Amino acid sequence: MGDHHHGPAKGIGRWLFTTNHKDIGTMYLWFSFAMFLLGGFFAMVIRAELFQPGMQLVEPAFFNQMTTLHGLIMVFGAIMPSFVGLANWLIPMMIGAPDMALPRMNNWSFWILPPAFLLLASTLFMEGGAPAFGWTFYAPLSTTYAPPSVTFFIFSIHVLGLSSIMGSINIIATVMNMRAPGMTYMKMPLFVWTCLITAFLLVAVMPVLAGAVTMMLMDIHFGTSFFSAAGGGDPVLFQHIFWFFGHPEVYIIILPAFGVVSQIIPAFSRKPLFGYDSMVYATSSIAFLSFIVWAHHMYTVGMPIAGELFFMYATMLIAVPTGVKVFNWITTMWRGALSFETPMLFCLGFLVLFTLGGFTGLMLSIAPADFQYHDSYFVVAHFHYVMVAGAVFSMTAAIYFWLPKWCGRMYNEAMGKTHFWISFIGFNLTFFPQHFVGLAGMPRRIPDYALQFADFNMMSSIGAFIYGASQLLFLYNVIATIVAGEPVSDEKVWDGAEGLEWTVPTPAPYHTFEEPPRVGPGVHAHG
Amino acid sequence: MLRISDNPTLDTVAKLVTVAVAMFAFVFVVMVPLYDVLCDALGINGKTAGQAYTSVPVMVDESREVKIQFIATNNEGMPWEFAPRRSVMRVHPGAVNETVYLARNPLPDAMVAQAIPSVSPARAASYLHKTECFCFNRQPLEGHSSAELPLQFIVDQDLPQDIKTITLAYTIFDVTETSGGAVAAR
Amino acid sequence: MVFIAKQLCKLALGPVLLLMSVIAVAAGDESSINMSPGVTEVGRQIYNLHMIILWICVVIGIVVFSVMFYSIIYHRKSRGVTPATFHESTKVEIAWTVVPFVILVVMAVPATTTLLDIYDNDEADLDVIVTGYQWKWKYEYINDEGENVSFFSNLRTPQSEIYNTAKKGKNYLLEVDEPLVLPVDTKVRFLITANDVLHSWWVPQLAVKRDAIPGFINEVTTRTSIEGTYRGQCAELCGKSHGFMPIVVNVVSQEEYTEWLGEKQAEATEIKDLMAQTFSLDDLMERGKAVYDSNCLACHGANGEGGLGNAIAGSPIATGPVGPHLEVSINGVPGTAMQAFGEQLNDVDMAAVVTYQRNGFGNNMGDLVQPIDVYNHKKGQ
């Protein structure tokens, strides 16, 4: 038994060969933060060029590379790995397991990520430049008309897809087989539930993405014509396959965020989550619906009217379970005893802004109106409200919430609150005006624009710089906490926090729950 | 429930790997053919059948006239001159109609072309039957030569009453590179 | 700097501006912050639909956020409240599932009728083929009797405005050399396709946005009720100059349209006549510069210095024999971004631009290319 209680190995070897879920979680989180900064830097280039009408800093071709890499890196490099990191840290601690079910595979699924993104970023320096066809890489711009670096892009998508699938298999295997005695499915914290459902989505759709890029590879190098009309293929087929992956992907990004918010709001309301069961059912129905709405991204390709109507109705339906979630969070706060520490602030920011993003989502689902919204800045505003204010805000909340538990030190609350308010203002200044320019007719993915869009674009750019700068404050706060934060020793850290992860000592020891805890029948492990 | 392994974790993993592999295969063996079937059935993108229609003798509906527009588009890098001989025809549903597209290769070298048909409105696609079409095959042309490309079609009698104009568009692609064999075979 | 300072002043007014925008939205103004109802019946329907959904969302938002902020203000720990412990209520949960569903059904009704109107199949009076190219549009008017009228529509904004060496005009980036001309109160059917990659033809005022897909044809109809000039842009990422291929539609009276069409046809005949003529170097150079600026400059640079395309100044093609130069210009270079311009430029313009390239940019070859040379080259002699 003594062997089990050793601490971490020393030096670089600890990180290279670790199979410890906490170490791997940490690496995922730092990696995703690095990618967040890189993707954010690309966003700054985009906003700097769009600061004023006219071409100032970069050439249009390079601008397209920036938008493409910004999207790819934020989606696949920042948001997705950050939630895998959080899942790694928290799932074993939440369900009373000593580690993930497949620790060695866990190590691989992390370590193939950095090379994949290194490869992707290196395309910037290749002849012909990086991929410049948008993160949705529609054929034939991404096949017949692509720069040579597209092959490397495809390879890196394959690798990061593999990493995601391995990570998901691990999560599912852990949740299904490693729960502590008495931890039934309906007692699992909602974060575990959302990760489980997300992992199932990933196992189902990442292979579809792999299939799409494989077809591209074959079209480019092996003479097939899946997406080329000349050989009997169809460019629209690409869009169907891509969005069959892409729409569930949107929920892959947002569902864990729902989970995080469902943990934090009850903690700072000091009141149990209002409708645990309905939250689980709502999450599952969103996941199911995500498979039958993909073509709402393609209303303008010229579908038969029956198709337009089907996808419109199905998409509108998603508002129901999403509404259930929002109502649940608000009812949880109702007659609680609220306090507003940084994690709660970010969750409230999430709640307000995600709801706004949900409203614009509902507007976009209306097919005839989408003929005007589609591919305009209105869409850009919409998905940043759900991706940034949704996923990124909740991820930030999660870091502030669990960081004291992880490292046994408290972050600087004043700095945290400052970070929130700067982020909140910067974010809205960036993206709210984009609704206006979009409705007024500004298409997305353009490096230069007509004069009537100038004021709002300048506002957007200034907001983006503010929002970008606020992330440096966050970085500083996190490092300062880890190095020299006020020590905390209380196991619960937050008085309202519930769940197994708050029953282990603070800071969380390297190995937890080697002896599984017993979850009694009357205990609400999910808070 | 089916168990693949006695170790519960390995059992889960094995099932999930199966799902992942199945989804990868699903893209190739289900989505692509299914899309083609749906295109044929619903006329998505105005796609028409890739093979000749074997005509069933039908009555010609003299009382109704449908306007057929012919369009020709050259895809990028296709230097052929390509155009319909007549840009408009008025036809009766059920009748067999013939027309030709004219193609000319202005370059000194032999080339091979593939024409891709598309019908608008898409709903009409499944009612426009081609009994003979140059689009069924690749069309080779020697350098500096021209050809008449024949087209024979029937408009189905069941064509919805509200459709009065059908546009038949051909986009011509240069497929010389991928059909080296076809040139040699001539 | 003055410009920036001015902008910053405006930004200081940001919150005021936002408030004003909200008020403007409420007033349903045609403004730079909201969708325009446009000049078509379908456009007005879409606009109304958009406003209905927006207002429903606003009302729901006010209700939901009021509850939330009430809670934030009155249920704070700092007020010394003790938290309630209630959770789960089947009645409430059924209510907030059913009520949103009913609201959605209410929204779906106008959405469905509008969609059905957009998809109507009535006979159109005019058919126009719209073809997306990297990076310009081609319009072709289908003529049942004679030859189709067709032309390309290129961005007219000069590079000097884009690269900030000249003051930007009022219609910066939204101006073309040859706009699409349509008669008012006429049902027009657009047959939309693309020559290379995906494009999307979007004119907000006409409420038309439809993807242009290479190899396939998409159709959409419109009927404008007010004369005027309406501007739009390509809405689907199509490569480098995606932001530089605007759309301009002039909607004119039926008489003006007929006259314009007549002129276009006459122009086509005139070009045929011109093809038989011989031009002087000056004529060719002048015409050639105009053609170069709208067709070649984007890739080959304002001074033939190259860019996405090879340099023309001092290039072996522009300073070599005429034959290969014509060959490249007319038929393009397969497998590269160099397109076949033979179809896009008439023989006169082709002759002029080749002459311009051979004699401009310090190339000074001194040889003239006449339309007949282009014609002969095309015929393979």
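Predicted model: local features only at pLDDT ≥ 70, side-chain atom pairs only at ≥ 80, totals over all residues.
Let me begin with a pair of helices in chain A: the axes of helix α6 (residues 150–177) and helix α7 (residues 190–221) of chain A come within 8 Å of each other and cross at roughly 155 degrees. Since angles over 145 degrees count as roughly antiparallel, α6(A) and α7(A) are therefore roughly antiparallel to each other. Their crossing is left-handed, and the contact of α6(A) with α7(A) has 22 nonpolar and five polar residues, with no charged residues.

The crossing of α8(A) and α11(A) is left-handed. On the side of α8(A), the contact is made by F258(A), V261(A), I265(A), P266(A) and S269(A), while α11(A) brings K325(A), W329(A), T332(A) and M333(A). By class, the residues of this contact divide into six nonpolar, two polar and one charged.

Now to chain A as a whole, where there are 16 helices and two strands. How does the radius of gyration of chain A, with its 527 residues, stand against that of a compact globule? A compact globule with 527 residues would have a radius of gyration near 24 Å, and chain A has 23 Å, which agrees. Taken along the principal axes, the C-alpha atoms of chain A fill a box of roughly 65 × 50 × 45 Å. Buried residues make up 68% of the 527 residues in chain A, and, of the contacts in chain A with a separation of 6 or more, 82% are accounted for by residues 24 or more positions apart.

A compact globule of 381 residues would have a radius of gyration near 21 Å, but chain C has 28 Å, and the C-alpha trace of chain C spans about 95 × 55 × 35 Å along its principal axes. Of the 381 residues of chain C, 41% count as buried; among contacts in chain C between residues at least 6 apart in sequence, 62% join residues at least 24 apart.

Finally, the interfaces. The contact between chains C and A takes 79 residues from chain C and 78 residues from chain A. On the side of chain C, at least two residues each are supplied by α1 (2–12), α2 (14–27), α3 (41–74), α4 (90–118), β6 (199–203), β7 (208–212) and β9 (228–234), and the residues of that side divide into 43 nonpolar, 24 polar and twelve charged.

The contact between chains B and C takes 27 residues from chain B and 27 residues from chain C. Here β1 (66–74), β5 (111–120) and β9 (165–174) of chain B each supply at least two residues of the side that touches chain C, and that side of chain B has ten nonpolar, 14 polar and three charged residues.

Technical notes. Residues numbered from 1 in each chain as written. Chains lettered and ligands numbered in written order. Contact = placed C-beta atoms within 7 Å. Helix = DSSP H or I, 4+ residues; strand = E, 2+ residues; numbered from the N terminus. Nonpolar A, V, L, I, M, F, W, Y, C, P; charged D, E, K, R; others polar. Rg over C-alpha atoms; globule rule 2.2 N^0.38 Å. Buried ≥ 20, exposed ≤ 12 C-beta atoms within 10 Å, placed from the backbone. Axes fitted to C-alpha atoms, helices over the stretch in contact; angles between N-to-C directions. Parallel < 35°, antiparallel > 145°, perpendicular 65-115°, else oblique. Left-handed = near helix turned anticlockwise from the far one by under 90°.
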